[in-house]
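Please look over the model shown here before reading the notes on its fold.

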Amino acid sequence: MLFREIIGQDEIKKDLIATVTNNRISHAQLFNGPEGNGMLALALAYAQYINCTNKQEKDSCGTCPSCVKFNKLQHPDLHFVFPVATNDKVKSKPVSDNFINEWKEIMVQQPYLSLSAWLEHIGVDNKQGGIQNEESSQIFKKLQLKTYEAEYKIMIIWMAEKMNETCANKLLKIFEEPPEKTLFILLSENTDNMLQTILSRTQIRTIPKIDAASMQEKIATDFNLEGADLRTIVHNANGNYYKAFQLMSYDNSHKDFFNYFTQLMRFTYGKNLIEAAKLTEIISKLGREKQKLFIEYSLKLIRENFILNQNQEKIVYLYKQEKDFSDKFHHYINERNIAQITKEFNDAHFHIERNGNPKIIFFDLSIKLMILLRA
Ligand SMILES: [Zn+2]
């Protein structure tokens, strides 16, 4: 991964390169920031730059033997740790190495990936992924390997907040007596669940969401978009490139989502329990990733309808068919129900993410909407 392939984040790139130029590479670093901001891509580019044998002022050369291996994620001194769970192939004590081929394959294509998309990719999306006890002995083992050819041995730990306490405590011991020329890059989206002792022993760097201008430029090129559609995607993605990618690749689903949403509103407003139950049945078969996207989509439409209801059309972001629907629907989303409707959708999202039964969750939501839409 080259720095120039990463969307935006110019300040961070400059800072990272400066640590190398000034020979101030801290041995345990933590990148923290929101999903889809490119932290993992930055960690990869940083690792590659550190080991590039022909460093340029602002980027790796991309062609030296080290760069060639880093580009394919095949460098023997580059190690990964990430959340995993059991699936139909790995029945117990899962560790990252069980899934390393799947990991490298998807990382090369999509380094902006979200955790839930990763878990879906390895077929464990109905479980919580984690970094468990067994992983720490793997980490020890890899650190004992001699450094093959690189200047630095690098271990990237993705979603470090998913590390359990035992594993984190063992890692802490390593941080206290760091092996020479070894760099740990921990990545997290939320440090609240991490041990204070880990946080105090890492150099923390906050990685912001992607700025709108860089995002717009990238989406325009990647998806050949312009005008209002481009503006809407950039707005909805909110600095998360993976979200933009999902919104675009779910283009067909997008039509489905619109249909589900309009039906859900119609059936619940009309108190049509039977049709609402049928729709719930269909939605419950979509898979968790799509269900979450559908909820996010619904939240967006509800928010935009409320804004229309408040006569603020200028700041509304809707596609044409959504706008046509909303011209009538916005009368039903008002200050009496907006907070509660939003809460109900958010609760549904929370329960879907924690593996609740989707049929029950969406049916409950329908019943609550029947009351709320008439408020
Ligand atoms: Zn190079």
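## Basis of the model

This is a predicted model, in which local features need pLDDT of at least 70, side-chain atom pairs count only at pLDDT 80 or more, and totals for chains, interfaces and linings use all residues. Residues are numbered from 1 along each chain as its sequence is written.

## Domains

The chain is split into domain 1 (3-208), domain 2 (210-249) and domain 3 (251-372), with bounds that come from an automatic or database domain assignment. Between the C-alpha centres of domain 1 and domain 2 there are 26 Å.

Contact between these two domains involves 11 residues of domain 1 and 11 residues of domain 2. Two residues are in contact if their C-beta atoms, placed from the backbone, lie within 7 Å. The side of domain 1 that touches domain 2 has 4 nonpolar, 6 polar and 1 charged residues. Here Ala, Val, Leu, Ile, Met, Phe, Trp, Tyr, Cys and Pro count as nonpolar, Asp, Glu, Lys and Arg as charged, and the others, Gly among them, as polar.

## The sheet

An open, parallel sheet is formed by 5 strands in the order S2-S3-S4-S1-S5. Helices (H or I, at least four residues) and strands (E, at least two) are DSSP runs, numbered from the N terminus; two strands pair if DSSP finds at least two bridges between them. Strand S2 (78-81) and strand S5 (203-206) each have a single partner strand, so one side of each has no neighbour in the sheet. On average, neighbouring strands are turned by 20 degrees against each other, direction ignored. Axes are lines fitted to C-alpha atoms, for helices over the stretch in contact, and angles run from 0 to 180 degrees between N-to-C directions.

Strand S3 (residues 153-157) is joined to strand S4 (residues 182-188) by 5 bridges. Lysine 153 is opposite threonine 182, and isoleucine 154 is opposite leucine 183. S3 also pairs with S2, over 4 bridges, where valine 81 has isoleucine 157 as its bridge partner. Helix H6 (residues 133-144) lies across S2, S3 and S4 and runs at about 175 degrees to S2.

## Burial and cores

S3 is largely enclosed by the rest of the structure, because 5 of its 5 residues are buried. A residue is buried if 20 or more other C-beta atoms lie within 10 Å of its own, exposed if 12 or fewer, and partly exposed in between, with C-beta atoms placed from the backbone. Lys153, Met155 and Ile157 point one way from S3, and Ile154 and Ile156 the other way.

The largest nonpolar core has 68 residues, and Leu42, Ala43, Ala45, Ile185 and Leu187 have the most contacts inside it. Such a core is a set of buried Ala, Val, Leu, Ile, Met, Phe, Trp, Tyr and Cys residues joined through C-beta atoms within 7 Å. Helix H2 (residues 39-51) gives the largest share of this core, 11 residues. Because domain 1 and domain 2 both give residues to this core, it lies between them. Leucine 42 touches residues including Ile6, Ile12, Phe31 and Ile207, with residues up to four places away in sequence not counted. A second, separate core of 29 residues includes Tyr260, Leu279, Ile283 and Ala348.

## Glutamine 321

Glutamine 321 belongs to helix H15 (residues 320-329). With 13 other C-beta atoms within 10 Å, glutamine 321 is partly exposed. Its C-alpha atom is separated by 31 Å from that of glutamate 120, 201 residues apart along the chain.
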